[in-house]
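Subject: Structure handover

Dear colleague,

Please find the structure below, with notes on what was found in it.

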Amino acid sequence: MGGGEISPGLVRAMIGESKIYVPIFSEHYACSRWCLEELAQMVECWKRGKGGHLFLPIFYYVEPRDVRHQQGPYKQAFEQLAQKHSPQIISEWKEALQEVGKMRGWYIHRFNRQGAMIDQIVSAVALHLKSSRQ
């Protein structure tokens with residue numbers, strides 16, 4: 001058994017059981033229907049969890065405002081997605097991006113010391129895991 005797709009139900013279950021979400025937004029993130037569906041599921045679980053989940057968005061060579069307002073490459077991606085998907089689904093994806101785009105996260109650009117940034121992210125995850133065990 002190998003190389004097959006993971007069923008949407010299994011993905012929803014895995015996301016629902018997760019306590020930490022680390023979406024990594026790149027220029028092409030919004031081109032992926034799977035990424036957007038998973039993000040919408042993460043946001044839904046986060047809202048239902050009332051603070052029991054940790055969201056650590058990473059903006060990798062993309063501005064948080066582009067994610068939040070679907071500008072730049074995100075605008076172009078949604079113009080293409082709108083031709084293939086219903087307005088309701090598009091709206092759900094945009095709302096999820098808006099929600100996460102407002103969150104505090106890490107903005108990684110060309111001139112960052114990426115290793116140091118990764119250390120910060122790992123420390124934040126470790127701290128959350130330690131505090132949730134107590």
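The buried residues of H4 pack against strand E2 (24-25), H2, helix H3 (64-69) and H5. Contact here means heavy atoms within 4.5 Å, and buried means under 20% relative accessible area, with exposed over 50% and partly exposed in between (1.4 Å probe, protein chains only). Helices (H or I, at least four residues) and strands (E, at least two) are DSSP runs, numbered from the N terminus. This is a predicted model: local features need pLDDT of at least 70, side-chain atom pairs count only at pLDDT 80 or more, and totals for chains, interfaces and linings use all residues. Residues are numbered from 1 along each chain as its sequence is written, and side-chain values use heavy atoms, with hydrogens and water left out.

In H4, Tyr74, Ala77, Phe78 and Leu81 are buried. Down the helix axis they fall within an arc of 95° (taken from the directions from the axis to the C-beta atoms), so they line one face of H4. Exposed Gln76 and Gln80 sit on the face turned away from that buried side.

Beyond its neighbours within four places in sequence, Leu39 is in contact with Pro23, Phe25, Tyr29, Phe55, Ala96, Leu97 and Val100.

Five aromatic pairs were found in the whole structure. Rings of Phe, Tyr and Trp (its six-membered ring) pair if their centres lie within 6.5 Å; planes under 30 degrees apart count as stacked, over 60 as edge-to-face and the rest as tilted. Phe25 and Tyr29 form a tilted pair, 4.6 Å centre to centre with 55° between the planes, and both residues are buried. Trp46 and Phe55 have ring centres 5.9 Å apart and planes at 90°, so that pair is edge-to-face. Trp46 is partly exposed at 24% relative accessibility, whereas Phe55 is buried at 8%.

The search for disulfides (cysteine sulfur atoms within 2.5 Å) found zero in the whole structure. The sulfur of Cys31 is 9.6 Å from the closest cysteine sulfur, in Cys35, too far for a bond.

Regards
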